[in-house]
Amino acid sequence: MRLLVSDPLSEEGLKILTASGIPVDVKPGLSEDELCGVIGEYDGLIIRSGTTVTKKIMDAGKKLKVVGRAGVGVDNVDVPYATQKGILVMNTPSANIISAAEHSLAMIMTLARNIPWAHVSVHKGEWKRSKFTGIELYGKTLGIIGVGRVGGEIAKRAKSFSMTMIGYDPYLPKEVADDLGVRLTTLDDVLKNSDIMTIHTPLLPETKNMISMPQFRMMKKNALLVNVARGGIVNEDDLYEALKNKVIAGAAFDVYVDEPLKEGCRLLELDNLVMTPHLGASTVEAQEKVSVDIAENVIMYLRDNIIANAINAPRGQLDPMIVPYLPLAERLGLCVHQLNGMRPVDKIDVTCCGEITKKNTKMITLSVLIGLLKHVGDGINMINAESFAKSKNIKVTESKNEDSPVYSNTVTVSITSGKDVRTVRGTVFAQTPRLIGMDGYCFEMPLDTDMLFAKYTDKPGVIGAVGKILGENNINIGQMTVGRETKKGTAIMLMGVDQEVPAAIIKKISDATGFDETKYIDLVE
């Protein structure tokens with residue numbers, strides 16, 4: 001196992017990586033081709049904003065399990081493709097909150113008091129006090145677009161300026177905003193009524209160019225706009241026109257669509273735009289904290305399989321009660337898919353019953369999907385199982401029932417293919433996954449061996465006929481169970497076998513017995 005750090009990381013972060021015992025190489029400044037040339041040797045990659053993790057890099061990373069971003073934004077990582085490849089992507093969302101909030105406030109103060117332009121004037125030997133008359137923050141309306149972690153910290157600090165605060169955040173509970181002193185409202189209301197606006201949303205398809213010329217025209221003529229979030233949320237061409245033509249009074253930006261800025265960038269011409277080179281997290285404290293956090297999180301994942309701050313997977317350490325049910329769930333998925341003849345699946349239902357329903361059972365559903373999809377795609381794991389199922393148009397539903405009358409806990413998996421539904425049910429006792437039901441039939445069979453499944457009309461001599469054919473072909477039966485509706489009615493038989501049962505032997509058994517259905521179920525690699 002090896003780790004690559006492709007961007008500068010603080011000494012404290014590097015010490016944690018080194019102390020883990022996992023070999024670490026630090027190679028900052030690699031081009032995409034250079035990174036592709038070496039990434040195949042590594043299980044983990046730690047980056048900052050300098051490295052862009054592309055499809056090409058991930059395809060070259062044959063062993064790559066995790067990409068750790070020391071910082072908040074992951075727009076320099078192709079997260080959907082990482083998910084498809086089963087690569088965990090994690091970040092450090094809380095490490096630079098204070099630094100970003102303080103930088104936003106510094107930008108607001110800078111704009112309000114014309115500090116950059118006054119500074120340049122004094123250095124020219126001028127003393128033009130009236131030219132740089134500013135505004136007080138006292139009594140002004142501050143609009144916070146995205147009242148999350150950073151936006152919330154700004155709200156706490158803006159209280160000291162006695163500002164009126166309004167905010168737009170469709171995901172924030174009203175009671176949280178009320179506690180911060182922020183009145184939640186619509187985006188249009190924030191744009192129309194704010195004296196100063198500060199942006200703190202992620203860059204998503206729905207937030208790209210969220211502030212464009214129509215939004216600028218809603219703002220007050222003397223409005224000020226600050227963006228220390230992500231480039232691309234504000235349309236930069238429209239920003240240029242709005243500032244050039246005094247649609248709004250001024251702006252302060254720390255983030256841009258292209259970083260570093262390209263030569264000839266029109267924004268550099270403006271005399272009412274304050275610009276900093278993505279300094280939101282550039283404090284000694286934040287740099288150390290993001291490095292330490294990502295180092296600890298990557299090590300926890302690679303060494304202990306504990307997930308923290310994941311972008312594309314469930315988080316946290318598994319509850320001990322859930323852990324024994326993951327092998328059960330995976331084997332139920334394997335079993336029901338093969339029982340179904342490995343036909344395309346339209347829908348899968350996972351139902352948990354008993355005490356485990358009081359826990360987070362998400363990983364049980366993911367484990368079922370891993371088993372179900374194992375013979376459909378390569379490299380299916382907890383990171384890409386859900387997205388892979390979605391790509392195959394498989395509808396996944398989960399349900400819980402606290403009642404489990406016979407066993408303490410059960411997991412039931414049903415799959416639908418067209419008009420056909422196949423169901424398996426299992427539990428765990430004595431630390432062993434066990435199959436306890438199939439298509440309405442009840443029995444009990446450890447899920448620790450490959451199986452021969454048969455469905456037939458109950459009659460004497462069936463078991464002996466099957467055993468004879470298997471014995472003649474040197475296939476040993478380790479265990480067996482039978483379930484039936486009534487005497488001489490429809491029955492099913494499951495035999496645990498020590499060797500693979502070839503298709504030719506399956507056909508021979510079917511021909512000799514007249515079974516309605518005969519299948520070999522491969523459960524154990």
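User: What makes the contact between Glu41 and Arg2 a salt bridge?

Analyst: The rule asks for a side-chain nitrogen of Lys or Arg within 4 Å of a carboxyl oxygen of Asp or Glu. In this predicted model, the N to O distance for Glu41 and Arg2 is 2.9 Å. That is within 4 Å, so the pair counts as a salt bridge. Glu41 lies in the loop between α2 (32-38) and β3 (44-47), and Arg2 in the segment before β1 (3-5), so the pair ties together parts that are 39 residues apart in sequence. Helices (H or I, at least four residues) and strands (E, at least two) are DSSP runs, numbered from the N terminus. By the salt-bridge rule, the count comes to 31.

User: Which numbering and limits apply here?

Analyst: Residues are numbered from 1 along each chain as its sequence is written, and side-chain values use heavy atoms, leaving out hydrogens and water. Because this is a predicted model, local features need pLDDT of at least 70 and side-chain atom pairs count only at pLDDT 80 or more, while totals for chains, interfaces and linings use all residues.

User: Why is Glu41 called partly exposed?

Analyst: Buried means under 20% relative accessible area, exposed means over 50%, and partly exposed is in between (1.4 Å probe, protein chains only). Glu41 has 36%, so it falls in between. Arg2, at 27%, is partly exposed too.

User: How do you know that Glu285 is exposed?

Analyst: Its relative accessibility is 60%. The cut-off is over 50%, so Glu285 counts as exposed. Glu285 sits in helix α12 (residues 284-304).

User: What makes Asp439 and Arg422 a salt bridge, and is each buried or partly exposed?

Analyst: Their N to O distance is 2.7 Å. Asp439 is in the loop between β17 (432-438) and β18 (441-446), and Arg422 in strand β16 (residues 420-429), 17 residues apart. Asp439 has 26% relative accessibility and counts as partly exposed. Arg422 has 12%, which is under 20%, so Arg422 is buried. Arg422, Asp439, Glu517 and Lys519 are linked in a network of salt bridges.

User: Why is Asn272 called buried, and what does its side chain reach?

Analyst: Asn272 has a relative accessible area of 6%. The limit is under 20%, so Asn272 is buried. Its side chain reaches the backbone oxygen of Leu243 at 3.1 Å and that of Ala249 at 3.3 Å. A polar contact is a pair of N or O atoms within 3.5 Å; within protein, one must be able to donate a hydrogen and the other to accept it, and residues adjacent in sequence count only if both atoms are side-chain atoms. Both distances are within 3.5 Å.

User: What makes a nonpolar core, and which residues touch the most other members of the largest one?

Analyst: A nonpolar core is a set of buried Ala, Val, Leu, Ile, Met, Phe, Trp, Tyr and Cys residues joined through side-chain atoms within 4.5 Å. The largest has 69 residues, and Val411, Leu435 and Met438 touch the most other members. Helix α13 (residues 325-339) gives the most to this core, with nine residues. Apart from it lies another core of 30 residues, among them Ala229, Val234, Ala242 and Phe253.
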